[in-house]
Structure formats: structure tokens, C-alpha cells
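Dear colleague,

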Amino acid sequence: MKKVVISGTGLFTPANSITNEELVTAFNGYAELFNAENAQAIAEGTVTAIEPSSAAFIEKASGIKSRYVMEKSGILDPKHMTARIPERGDDELSLQAEICVRAAHQALDNAGRAAADIDMVVVACSNMQRAYPAMAVEVQEALGIQGFGFDMNVACSSATFGIQTAMSAVQSGQARAVLVLNPEITSGHLNFRDRDSHFIFGDACTAIIIEAEETAKGRHQFEILESKLKTQFSNNIRNNFGFMNRFDESGVGKADKLFRQQGRKVFKEVCPMAAEMIKETVERAGLQVSDISRFWLHQANLNMNQLIARMLLGRDAGPDEAPVILDTYANTSSAGSIIAFHTHHEDMPSGANGVICSFGAGYSIGCVVVRKK
Ligand SMILES: CC(=O)SCCNC(=O)CCNC(=O)[C@H](O)C(C)(C)COP(=O)(O)OP(=O)(O)OC[C@H]1O[C@@H](n2cnc3c(N)ncnc32)[C@H](O)[C@@H]1OP(=O)(O)O
């Protein structure tokens with residue numbers, strides 16, 4: 001079988017960052033307004049008052065200190081509580097394609113590649129900006145890539161599922177090189193009025209070039225030794241937004257058309273699944289967990305990652321073994337493990353092994369074992 005490498009990655013980080021304190025001030029402002037407007041109903045017991053959020057809780061429960069967003073002022077306005085981003089015309093590059101292009105240029109540069117070397121574009125993320133045409137085809141056009149492109153959505157595991165799809169395309173000869181993009185504008189599906197989850201997500205876009213080892217030119221190449229995917233249905237992370245929403249506008253309300261989760265259940269159920277998947281995939285690669293020097297884990301919750309590392313290693317992981325980026329990026333869905341990889345791989349010596357592992361809605365888990373060239 002043809003050997004395949006990750007030959008370059010890229011990252012787009014939005015210019016605006018929001019601290020926990022800023023986010024909590026906005027949320028508490030909203031809560032005060034809501035409680036004042038509904039004072040009588042709250043006193044009568046027909047409406048529940050909104051409790052204030054707390055920056056200390058957020059950092060302790062999740063490890064998140066701040067997050068990047070495409071637009072900040074609307075999210076921090078207690079009367080608005082979502083980003084203010086004007087719609088673009090059909091003749092303009094869409095926002096999601098724009099951030100793909102920004103990340104793609106960096107990945108192409110790191111891989112020593114030009115658009116003409118790419119035959120396939122995959123946009124793999126949790127939310128597409130529109131139904132069609134596919135985002136990937138717009139990105140293909142914007143970059144001047146021949147060949148073909150398509151979108152795929154496996155929520156937080158979109159990047160790892162995209163890597164395996166790209167690897168198969170290279171191995172089967174469908175593409176010489178594939179550009180996988182993970183444009184996560186998570187602020188669009190985050191309910192900033194929900195105390196349990198308003199702090200969870202941030203925006204970012206990652207790009208990955210996958211190609212045959214024999215012709216790869218990237219400065220830091222990682223051979224893909226093994227990859228394994230798993231899905232198991234769960235309602236514990238769910239978003240009912242979709243094209244049939246307009247059939248029944250009475251619905252069960254608006255909040256179910258945004259991200260919602262049973263965080264405790266997710267924590268309890270996903271950690272053992274992810275640890276087991278990592279162990280299985282590493283063993284399928286002919287290695288032991290002790291042969292892995294770095295784990296680029298999905299970046300949703302610090303306590304989750306620490307627990308998974310303990311399940312695997314029987315001890316706490318050092319910061320070099322399981323790099324953390326969620327403190328400043330929060331959960332960027334599928335981009336998270338790739339941001340960790342992108343920002344923490346250059347120092348690895350030749351021959352060092354690592355694992356990229358994503359886990360999230362579906363449930364979906366993707367595990368990719370790599371070795372530095
Ligand atoms: C695309 C994807 O990645 S999907 C995301 C995948 N999801 C995950 O990975 C999430 C995994 N789970 C988690 O991260 C955690 O469960 C969290 C961070 C969501 C919540 O942390 P937990 O410790 O489980 O907190 P929990 O929800 O049980 O709340 C604990 C208490 O804090 C309170 N609380 C909740 N939110 C807040 C807040 N913002 N500020 C202050 N207090 C809060 C709760 O009401 C609760 O109070 P109670 O004990 O009086 O009932």
C-alpha cells in the first residue's frame with residue numbers, strides 16, 4: 001500500500017478574543033435584563049429566573065480562559081447575544097470559504113505545494129454556511145484548484161474522518177494530494193444565552209495537506225501509520241437546526257436549533273471510548289501506548305483530556321505529551337486536535353510517534369497514528 005503523509009498544516013485564528021470575564025459580564029447583563037423583564041412571572045413561579053454565570057466556574061469546569069471569535073461586539077451586547085456579521089452577496093467569497101483560503105495558503109506553504117498540485121478539496125466541519133453549492137467547490141475555485149471537492153460533516157470528528165478520506169483517495173490514485181479544511185465558525189451555533197454552554201466554543205479554521213510520501217516535500221512530514229473511525233448514536237450532543245425547520249415553526253422553540261448537550265453524560269461516556277480507541281489504533285499500527293510521545297487530543301475540556309491521558313498512561317501526561325490549546329481557543333470542534341498538532345509538532349525528532357484523536361457529537365471518534373519523518 002502506498003505510504004501517505006501529512007505534509008503541511010495551516011491555521012487561521014480570528015483577530016478577536018473574548019475572555020471568560022468579558023463573556024460572563026455580557027451573560028450576567030442579559031440575565032439581569034431577562035429577570036427584570038419577567039419579574040412578575042418569576043415571582044408567580046411561571047418563569048424561572050436565570051442564574052448568573054461565573055468566570056471561576058468556567059475555568060475550573062473546562063480549562064477554558066478565552067476564545068477567538070469572528071465578531072465580538074454582538075456577542076458581548078446583552079441585548080443581542082450573538083455575532084453581528086452582515087450577509088454577503090452571491091458574487092462575493094463567503095465567510096467560511098474565506099477562512100478556508102487563509103488557512104489553506106499556510107498549509108500549502110508548509111507542504112511546499114501550489115494549488116496546481118492539489119486534486120481534491122474536502123471541507124470537513126460541524127456546520128456548513130449554506131446547503132449548496134458545496135463549500136469545498138467554492139474554496140477550490142477561490143484557490144484555483146482543478147479536480148473536485150466535497151463537504152462532509154462528522155461534527156467534532158470531521159477532521160480525522162477527513163484525513164482518512166483523503167488518505168484513501170491518495171492510496172487509490174484518485175488524487176495526488178488532498179486539501180482538508182476545518183472551518184469552524186462555532187459562534188454561529190452556540191447559544192450565548194445558555195449558562196451551561198455559553199463559554200464552550202471558539203472560532204478557527206485548520207487546513208491539512210495529505211499526499212503520497214514518495215513525492216512529498218513538506219518541512220515537517222508525518223507518515224500516517226494507521227487510522228480508525230467509530231460512530232455510536234447518542235442524543236447527548238445535539239443541534240436540530242436543519243432545512244426542514246420551516247415546516248413547523250411552532251416547534252419546540254429556538255434553543256434546540258443551536259448546540260446543546262448533557263455535558264456530564266458526554267464526559268462519562270466519551271472518555272473511556274476515546275481511550276479505548278486510541279489503544280486499539282496504536283496496537284493496529286504495531287505499537288504500544290508507551291511508544292507514543294505525543295497525543296494531540298480533541299480540545300473540548302481539560303479535565304476530559306487529563307482523564308483520557310491517565311486512562312492510557314496510568315499517570316498524568318506532561319504538557320509536551322498532551323498539548324493544550326483549549327485554554328485560549330476553547331472548543332473549536334473539529335479544528336481543535338489539528339490546532340494542537342499544528343502548534344506542537346515541529347520540535348518532535350524523526351521517528352517519534354504521535355496520535356491525533358477527536359471525539360464529539362454522533363458520538364464520533366477518529367484516531368490517526370502518525371510518525372515524524
Ligand atoms: C462539538 C463538541 O466538541 S461537542 C462538546 C463535547 N462536549 C464535551 O466535551 C463536554 C464534556 N463535559 C464538560 O465539558 C462539562 O460537563 C461541562 C464543562 C460542560 C460542565 O461541567 P460540569 O462540571 O459537568 O458542570 P455541571 O453542568 O454538572 O454543573 C455544575 C454546577 O454548576 C452550575 N453551572 C453551570 N454552568 C455554570 C456557569 N456558566 N456558571 C456558574 N455555574 C454554572 C450548574 O448549574 C451546576 O449547579 P448545581 O450543582 O447546583 O446543579
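A polar side-chain atom of S53 lies 2.9 Å from a nitrogen atom of the ligand, a polar contact in the sense used throughout this message (a pair of N or O atoms within 3.5 Å; within protein, one must be able to donate a hydrogen and the other to accept it, and residues adjacent in sequence count only if both atoms are side-chain atoms). An N or O atom in the side chain of Q261 is 2.6 Å from a nitrogen atom of the ligand, and a polar backbone atom of G263 is 3.0 Å from a ligand nitrogen. Of the 1,000 Å² of accessible area that the ligand has on its own, the protein covers 73%, with areas taken from the Shrake-Rupley method with a 1.4 Å probe, where for residues only the protein chains shown count as cover. Two elements, α3 (55–62) and α7 (263–284), are those that give two or more residues to the shell around the ligand, and α7 gives the most, with four residues. Helices and strands here are DSSP runs numbered from the N terminus (helices H or I, at least four residues; strands E, at least two).

Before going further, please keep in mind that this is a predicted model, in which local features need pLDDT of at least 70 and side-chain atom pairs count only at pLDDT 80 or more, whereas totals for chains, interfaces and linings use all residues. Residues are numbered from 1 along each chain as its sequence is written, and side-chain values use heavy atoms, with hydrogens and water left out.

The shell holds 23 residues, of which C156, Q261, R264, N301 and N331 come nearest to the ligand; a residue is near a molecule if one of its heavy atoms lies within 4 Å of it. By class, the shell has 11 nonpolar, nine polar and three charged residues, where Ala, Val, Leu, Ile, Met, Phe, Trp, Tyr, Cys and Pro count as nonpolar, Asp, Glu, Lys and Arg as charged, and the others, Gly among them, as polar.

As for the chain as a whole, it has 10 helices and 13 strands. Its radius of gyration is 21 Å, close to the 21 Å that the globule rule gives for 373 residues, so the chain is as compact as a globular protein of that length; the radius is taken over C-alpha atoms, and the rule is 2.2 Å times the number of residues to the power 0.38. Along its principal axes the C-alpha trace spans about 70 × 55 × 35 Å, and 53% of the 373 residues count as buried (under 20% relative accessible area, with exposed over 50% and partly exposed in between; 1.4 Å probe, protein chains only).

The record places "domain: Beta-ketoacyl-[acyl-carrier-protein] synthase III N-terminal" at residues 150–231, a stretch that is 17% helix and 37% strand, with its end C-alpha atoms 21 Å apart. The corresponding "C-terminal" domain annotation covers residues 283–371, where the chain is 30% helix and 25% strand and the end C-alpha atoms are 14 Å apart. UniProt positions are given in the numbering used here, feature names are shortened, and annotations may be inferred rather than shown by experiment.

The loop between β6 (177–184) and β7 (204–212) contains S187, which counts as buried at 6% relative accessibility and whose side chain makes a polar contact of 2.7 Å with the side chain of D203. N191 also lies in the loop between β6 and β7 and is buried, with a relative accessible area of 14%; N191 and T82 are 109 residues apart in sequence, yet 8.0 Å apart in space, C-alpha to C-alpha.

Most residues other than glycine have a negative phi, and most peptide bonds are trans. A cis peptide bond joins Y132 and P133, with omega about 0°, and the bond from G362 to Y363 is cis as well, with omega near -10°. M81, which is not a glycine, has a positive phi of about 60° and is buried, with a relative accessible area of 3%. S333, again not a glycine, has a positive phi of about 50°; S333 is found in the loop between α9 (326–329) and α10 (335–343) and is buried at 2% relative accessible area.

With kind regards
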